[in-house]
Amino acid sequence: MLKKDFLWGGAVAANQYEGAWNIDGKGPSVTDVMTKGSVDHPRDITEGVIEGREYPNHLGIDFYHHYQEDIKLFAEMGFKCFRLSIAWSRIFPRGDEKEPNEKGLEFYDAVFDECLKYGIQPVVTLSHFEMPYYLAHEYGGWRNRKMITFFIHYATVCFKRYAGKVKYWMTFNEINNLIDIDNPFNAWTGAGVLYKDGENAEETMYQISHYQFIASALAVQEAKRVDKEMQVGCMLHFGPIYPYSCDPKDAMASIKAMDRRFFFSDVQVRGKYPEYTKKLWQRKDFQLDITDEDLAVIKDGTVDYIGFSYYKSTTAKFDKENDFKEVPNPNVPKSDWGWAIDPTGLRYILNVVYERYGLPMFIVENGFGAYDKFENGTVNDNYRIEYLEKHVLEVLKAVDLDGVNVLGYTPWAAIDIISASTGEIEKRYGFIYVDQDEVKQGRAGRHKKASFDWYKNVISTNGACL
Ligand code: BGP
């Protein structure tokens with residue numbers, strides 16, 4: 001049985017749904033210079049906004065002008081919370097200003113008040129795959145230590161302004177995506193960084209993460225100064241990486257592969273660098289800018305809970321050169337985008353992470369991206385219902401049978417939004433269908449899918465109907 005105050009809700013990210021990219025004083029963010037991509041072609045990162053090209057994040061689903069209508073629909077589903085992010089460049093258009101943009105602050109006041117009117121708690125991420133473009137362009141993003149000062153100023157302004165309205169915060173969305181150094185999307189959206197030819201991308205990645213760890217730890221400390229009740233979490237992309245076989249070498253490969261994900265939470269939860277990372281730095285002779293003072297900050301700014309996303313699991317096989325390589329798992333089906341569908345993996349990771357840290361767990365993303373067919377004013381998304389149902393059942397097992405402390409569940413996404421990896425809305429996740437053509441004509445039709453009523457029932461019975 002879930003606790004009475006279990007936080008059912010839905011999740012989104014500012015850059016993927018707000019639109020209004022240059023309205024009311026907002027500056028461009030890194031995602032505003034990214035073009036559309038596709039399954040086979042990654043999104044291009046352009047040097048500033050080039051006329052004539054299509055930038056899907058500029059429009060989002062125009063939540064900026066539809067927030068009342070959308071939040072009303074969330075309330076109808078019975079949301080107890082709504083996970084969203086603040087667009088940093090709406091509050092600080094360039095990122096290095098002293099004074100915030102009042103219009104930007106007012107927008108989130110209005111959104112939070114609208115949520116609270118219906119008894120919906122906002123759950124807020126400070127940096128969800130974005131930062132002001134100016135900071136990336138002029139300062140080199142998070143490869144520059146100065147980001148810590150800019151971020152903390154931004155975080156403090158938000159904590160002070162929204163104290164009493166927001167209890168649950170997260171610092172950096174999926175901070176551990178940075179480990180995938182071969183994917184420029186992760187470094188760009190996560191840290192405003194593009195690796196230079198010839199530089200050791202892995203070494204730079206550890207430097208970037210170090211600065212973000214300090215910023216995150218300082219934010220935890222600052223939040224407590226503003227309001228002791230505030231809870232600040234880390235946010236990680238978690239999914240098990242199973243051993244491909246029971247060959248001990250594969251089992252070891254899976255541990256090594258998971259270390260790469262756990263490195264980030266180990267620092268943010270335990271407040272210190274793990275031994276396996278220190279050894280790796282020694283082995284590779286990485287020279288990082290890390291001071292004793294930094295380490296003290298990290299120690300004193302550990303997180304209150306673990307926010308994480310779960311979409312899929314992966315599988316690792318022993319590899320002589322790199323400890324492991326990821327290989328497809330023949331035991332699980334895949335989505336249209338090749339993502340393994342593995343509900344058991346959610347219970348597995350809840351167990352593993354809870355055992356490792358003992359902190360409350362918040363599932364802040366889980367969902368099924370699919371091509372939806374809009375017919376007769378709705379979408380019969382039974383595949384999505386099936387996916388979510390199976391995953392929620394595994395959450396119930398983790399709570400009832402394994403004793404994991406789960407704070408809440410906010411599926412991705414509350415409503416159809418722009419996909420982060422493709423920039424397309426066609427990879428849909430929401431309970432509410434958004435007619436993108438209508439958005440383009442400025443009408444932006446919202447339509448309930450079959451999953452809307454299904455989720456409403458799950459929430460109203462606190463999961464007992466499953
Ligand atoms: C997570 C991100 C989200 C989101 C989701 C689905 O990694 O935190 O922002 O978009 O993945 O990914 P996509 O939109 O690429 O399908």
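## Glu 365 and its contacts

In this predicted model, Glu 365 is in contact with Ala 11, Ser 309, Thr 410 and Trp 412, leaving aside neighbours within four places in sequence. Glu 365 sits in strand E10. UniProt lists Glu 365 under "active site", in an unreviewed entry.

Why does Glu 365 count as buried? It has 25 C-beta neighbours inside 10 Å, and the cut-off for a buried residue is 20 or more.

## Phe 362 on strand E10

Strand E10 also holds Phe 362. Phe 362 counts as buried because 25 C-beta neighbours lie inside 10 Å.

Which residues does Phe 362 touch, not counting those up to four places away in sequence? They are Gly 233, Tyr 305, Ile 306, Gly 307, Leu 407 and Gly 408. Take Tyr 305: it is 57 residues from Phe 362 in sequence, yet the two C-alpha atoms are 7.3 Å apart.

## Helix H12

Helix H12 runs over residues 343-357. Its 15 residues reach 22 Å from first C-alpha to last, close to the expected 21 Å. After H12 comes Gly 358, with a positive phi near 70°.

The buried residues of H12 are Pro 343, Gly 345, Leu 346, Arg 347, Ile 349, Leu 350 and Val 353. An α-helix has 3.6 residues a turn, so residues three or four places apart point the same way. The cover over the buried residues of H12 includes strands E7 (305-309), E10 (361-365) and E11 (406-409), along with helix H13 (382-400).

## Nonpolar cores

The largest nonpolar core has 130 residues. Val 12, Phe 82, Ile 86, Trp 169, Ile 214 and Ile 415 touch the most other members. Which helix gives the most to this core? Helix H8 (residues 201-226) does, with twelve residues. Another core lies apart from it and has eight residues, among them Ile 241, Tyr 242, Ala 253 and Phe 324.

In soluble globular proteins, nonpolar side chains tend to be buried together. Val 12 touches Tyr 17, Leu 84, Ala 413, Ala 414, Ile 415 and Ile 417, again not counting residues up to four places away in sequence.

## The ligand shell

There are 13 residues around the ligand. Which come nearest? Ala 13, Gly 369, Ser 419, Ala 420 and Ser 421 do. By class, the shell divides into six polar, four nonpolar and three charged residues.

Methods: Residues numbered from 1 in each chain as written. Predicted model: local features only at pLDDT ≥ 70, side-chain atom pairs only at ≥ 80, totals over all residues. Near = placed C-beta within 6 Å. Nonpolar A, V, L, I, M, F, W, Y, C, P; charged D, E, K, R; others polar. Helix = DSSP H or I, 4+ residues; strand = E, 2+ residues; numbered from the N terminus. Expected span 1.5 Å × (residues − 1). Buried ≥ 20, exposed ≤ 12 C-beta atoms within 10 Å, placed from the backbone. Contact = placed C-beta atoms within 7 Å. Core = buried A, V, L, I, M, F, W, Y, C linked by C-beta atoms within 7 Å. UniProt positions renumbered as here; feature names shortened; annotations may be inferred.
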